Amino acid sequence: MTDVLVIGGGNAALCAALMARESGASVTLLESAPKEWRGGNSSHTRNIRCMHEEPQDVLLESYPEDEYWQDLLKVTGGLTNEPLARIAIRESATCRTWMQKYGVHFQAPLSGTLHLSRTNAFFMGGGKALVNAYYRSAEKAGIDIQYDSEVTSIELSDKQFVAAHLKDGRRIAAKSCVLAAGGFESNIEWQREAWGIDEHGASPADNFLIRGTTFNKGVLLKHMIDAGADQVGDPTQAHMAAIDARSPLYDGGICTRIDCVSLGIVVNKHAKRFYDEGEDFWPKRYAIWGRLVAQQPDQIAYSIIDSKSIGRFMPPVFSGNESHSLDELASKLGLDAEVLKNTVQEFNAACKPGEFDHTTLDNCHTEGIAPEKTHWATTIEVPPFYGYPLRPGVTFTYLGLKTDETSAIFLNGTRSNNLFVAGEMMAGNILGKGYTAGIGMAIGTAFGRIAGRNAASAAGNESRCNS
C-alpha cells in the first residue's frame, strides 16, 4: 500500500506529490489525462504572483504582504478567507527556491509583461515547461505516476480516506490522500445547471469557451460534495476572462485572451457600452470581463480601438477586424452602424484632456457618461479601427471544498485526519470572486505543498505542519 495517493496531475498535485515524497512518504499520482495531455490547466499558465520585501533575481522593487493582500481584497470584494489568503501570500515569498530545486526556471523581467515585472515571476518556457520539470523530478524521485487514471469515487470510513475507485474498475488504497483534480469548468452540463436559463429562454453556458483542459469535469468534486464534504463558493463564479469569440471550445490558453479592453471601449450586441473599461490595470481586471460578457445578451461583446492603441497590448492569436470607417467596422462585426457611431461619438465627447500613459493609472477619464471610464480614456477617431469579438472564457471554477490551514477537507463539519485538498478544488476558499494575475499558481503551490507535507505526516512520515 502506498503512503500518499495524489489525485490530479497539475501544479497543485505535483507540488503535493513532491513534498510528500520529500517528507519520506511513498507516493502514487493519478492523472486522468493521457501523458501527452498531462498537467491540466497548469500547462497554460505563465507566472506566479510573489510577495517580496526587496528586489530579487527576476522581481523588481518590492511587493510586501499588505499590498498583495489589498490587491486580493479589492478583486474579491472581501469574499475571501483572510487567514488562508495570507498563508498563500506568505508561502509565495519562499516557494521559488523550492520550485527551482525541482527544475523550474524563471525568466528575467520584461517591460512588456503587462505591469507585472514587480509582482509576478514568469516561468521560462511557460506552464508547460513547469509541468514537465515537475514530472521529470517526480519520476526521478520514484513517484509512481499513472496516466489515463480517472477517479470516480472515494471510499471513506468514519470520515477517513480508505481508497480511490477508478473508472477502469481499479481500487487503490493508501494511508492518506490529496485531492487536486481541478474544478468543473469543462463540464458544460454542470455549467448549464449552475447558470440556468436567462430572460430570453437561453442557457448562457452554451456560449462559454473553456480556456484550458477538457479533463476537468468535476467528477471527483461532485462526488465529494454528494458524500458530505463541506463546500465553499458560488458555482457561477470562476476565473473567467474575455477571450476571442473565434477561439476553440477547449485548450485555447493564454493566446486567445484579448488585452486591448482597457485601451478602447467594449460594446454589447446592441453596440452599447456596459462597464468601465479603465477601472484598473488589466492584470487585476482581465478575469472579471468574462463574467461581464456572460451577463450580456447572447454572451457576446466587442472590444473596439483605433490605431493609437496598436503596439500597446499583447497581440492575440487572431487578428482584429480592421476597417477605415466605423460604418465598415460595424458591418464586419454585425452591429448597428448608427448606434455604434453614436456610442463612439458620445464616448469621445466625454473624454477629458489628460496625460495618457498606459503604464500608470493616468488622468485620462470621462465625465458625464455612464458607464464612466476612469483611466486611459482617449477618443476613438484615428483610423484604421479594430474590433475583436469577445466570449466568456472559463479558466477554472470557484466552487470547491472547504479547508483550513492544514489543507484537510471537512465532512459534515468534521476535519478529516488523512484526506486533504489543494489547487482548484479549494481555491474558492480564497477566491470568492474576481482574480488577479498569478494568484492561482500561488494558491496551488502553497496549499499543494502544505497538503503533501501533511498527507505524509498522516501516513506516518514527519511532523504535521499548519502553514
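Okay, let's start with Glu61, which you'll find in the loop between E3 and H2. Keep in mind that this is a predicted model. Glu61 isn't a glycine, yet its phi is positive, about 55 degrees. Why bring that up? Because most residues other than glycine have a negative phi. Is Glu61 buried or exposed? Its relative accessible area is 55%, and the cut-off for exposed is over 50%, so Glu61 counts as exposed.

Asp148 is another one to look at: not a glycine, and with a positive phi of about 50 degrees. You'll see Asp148 in the loop between strands E5 (144-146) and E6 (151-157).

Now, helices. H3 runs over residues 82-92, and eight of its 11 residues are buried, so the rest of the structure largely encloses it. Among those buried residues are Leu84, Arg86 and Glu91. What covers them? The cover for H3's buried residues includes strand E3, helices H2 and H4, and also H12.

After H12 comes Gly460, with a positive phi near 100 degrees.

Last stop: peptide bonds. Most are trans. But Ala370 and Pro371 are joined by a cis one, omega about -5 degrees, and Pro383 and Pro384 by another, omega about 0 degrees. Pro371 sits in the loop between H11 and E15, and Pro384 lies in the loop between H11 and E15 as well.

Methods: Residues are numbered from 1 along each chain as its sequence is written. This is a predicted model: local features need pLDDT of at least 70, side-chain atom pairs count only at pLDDT 80 or more; totals for chains, interfaces and linings use all residues. Side-chain values use heavy atoms; hydrogens and water are left out. Helices (H or I, at least four residues) and strands (E, at least two) are DSSP runs, numbered from the N terminus. Buried means under 20% relative accessible area, exposed over 50%, partly exposed in between (1.4 Å probe, protein chains only). Contact means heavy atoms within 4.5 Å.
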